[in-house]
Amino acid sequence: MEQITIKEIAKICGVGVSTVSRAINNHPDINPETKKKILDTIAEYQYIPNNSARNLKRSESNAIAVLAKGISNPLFGAMVQMLERDILGKQYLFVLQQVDEDENEIEAAIRLEKEKRLKGIIFLGGASHPREDLLHQLTVPYVICTVNAVLGESLDNFGVVSIDDEAESYRMVDYLCRMGHRRIAILTSLARDSSIGTLRLEGYKRALRDNGIEYDESLVVTMDPDEQTYTMQNGYQQTRRLLNRGVRFTAVYAIADVIAIGACKAIFDAGLKVPDDISVAGFDGLDQALYYQPSLTTIEQPIREMTTEASRILFELINEKTGRRYRIFPAKLREGQSVRRISG
């Protein structure tokens with residue numbers, strides 16, 4: 001079938017060619033709804049921009065892409081550095097693509113594969129139940145890392161490297177319950193989140209249930225949708241709002257360390273102390289949590305081991321051309337000074 005042209009994409013979408021070009025090049029001067037319509041049409045018709053179409057006539061590139069979902073998440077910083085070192089060390093080109101929280105990472109990967117003629121893809125973050133119709137459009141092996149993704153039997157040539165987010169979140173909340181806390185607030189992601197935020201919220205709910213504590217929606221705080229989720233600022237703002245509402249709680253559990261650090265600052269600014277007045281727990285095991293004062297009680301992810309395994313699996317899939325690889329790592333609860341035992 002003859003390749004569709006940019007003019008035909010513009011005609012289908014009812015816009016000019018220049019508007020399609022701005023959407024392709026991620027130009028800020030375009031209506032978000034128009035941009036989404038254009039990118040959806042491009043994905044549906046598998047359009048390849050002219051510069052990329054010319055590249056198809058050349059020899060295949062030797063590039064591997066890393067797509068990081070949620071550019072504000074500091075967890076990915078060290079992982080990207082390790083992956084870059086490993087990929088370049090194996091004589092491949094390294095391509096880094098940052099994907100906004102509201103953007104579909106699989107759609108971004110489809111476009112990038114066509115543009116860069118990739119040999120493989122590593123996803124950092126993303127949906128726990130990604131759309132299989134989109135994954136089928138990827139023609140190169142890929143590894144989903146840091147998300148315990150559930151993929152259908154019709155898919156092949158992929159890997160999943162993660163922790164069990166639901167179980168590890170359960171571990172943290174169960175620990176808080178065993179420390180005597182029964183009014184535990186959670187700082188979680190947006191209600192529309194389809195990734196680790198949902199999994200960690202489910203772990204929170206299950207731990208409460210198993211400890212005989214009734215789930216209270218007034219203690220569930222979602223991040224500001226107008227801000228990046230994984231930031232200290234968002235954790236600070238939402239904790240201040242929680243405190244201002246006058247809701248009673250003795251502990252705050254944040255689904256990420258950066259959110260927890262922001263929560264601590266909000267508690268201090270309210271004239272309270274951590275953990276004397278309110279205990280705080282996080283998730284991820286970042287260095288910032290270890291050196292923060294008080295040091296943060298958190299779930300420590302084995303970032304180095306997960307990153308190494310994601311890279312190993314991808315190159316194995318590139319060489320073998322087929323396979324399904326799952327590797328779920330255990331995390332550990334790292335006790336700091338931010339949680340205290342209470343009675344009654």
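**Loops, salt bridges and overall build**

Colleague: Where is the place of Thr146?

Modeller: Thr146 sits in the loop between strand E4 (142-145) and strand E5 (158-163). Strands (E, at least two residues) and helices (H or I, at least four) are DSSP runs, numbered from the N terminus. This is a predicted model, in which local features need pLDDT of at least 70 and side-chain atom pairs pLDDT 80 or more, while totals for chains, interfaces and linings use all residues. Residues are numbered from 1 along each chain as its sequence is written, and side-chain values use heavy atoms, with hydrogens and water left out.

Colleague: What is phi of Thr146?

Modeller: Thr146 is not a glycine, yet its phi is positive, about 80°. Most residues other than glycine have a negative phi.

Colleague: Is Thr146 buried or exposed?

Modeller: Thr146 is buried, at a relative accessible area of 6%. Buried means under 20%, exposed over 50% and partly exposed in between, with a 1.4 Å probe and protein chains only.

Colleague: And what about phi of Asp284?

Modeller: Asp284 has a positive phi too, near 130°, and is a residue other than glycine. Asp284 is in the loop between E9 and H12 and counts as buried at 3% relative accessibility.

Colleague: Which peptide bonds are cis?

Modeller: One joins Val274 and Pro275, with omega about 5°. Pro275 is in the loop between helix H11 (257-269) and strand E9 (279-281). Another runs from Gln293 to Pro294, omega near 0°, and Pro294 lies in the loop between helix H12 (287-291) and E10. Most peptide bonds are trans.

Colleague: Changing topic. How many salt bridges does the count come to?

Modeller: The count is 21, taking a salt bridge as a side-chain nitrogen of Lys or Arg within 4 Å of a carboxyl oxygen of Asp or Glu.

Colleague: What does the Glu166 and Arg206 pair tie together?

Modeller: Their side chains meet in a salt bridge, N to O 2.7 Å. Glu166 lies in helix H8 (residues 165-178) and Arg206 in helix H9 (residues 196-210), so the pair ties together parts that are 40 residues apart in sequence. Glu166 is buried at 19%, whereas Arg206 is partly exposed at 27%.

Colleague: Which residue does Arg334 form a salt bridge with?

Modeller: With Glu300, the closest N and O atoms being 3.5 Å apart. Arg334 is in strand E12 (residues 332-334) and Glu300 in strand E10 (residues 298-300), so this pair ties together parts 34 residues apart in sequence. Arg334 is buried at 16% and Glu300 partly exposed at 23%.

Colleague: Which residues are linked in a network of salt bridges?

Modeller: Glu309, Arg312, Glu316, Glu320, Arg325 and Arg327 are.

Colleague: Now the whole chain. How many helices and strands?

Modeller: The protein chain has 13 helices and 12 strands. Its radius of gyration is 22 Å, close to the 20 Å that the globule rule gives for 344 residues, so the chain is as compact as a globular protein of that length. That radius is taken over C-alpha atoms, and the rule is 2.2 Å times the number of residues to the power 0.38.

Colleague: What share of the residues count as buried?

Modeller: Of the 344 residues, 54%. Among contacts (heavy atoms within 4.5 Å) with a separation of 6 or more, residues 24 or more positions apart account for 70%.
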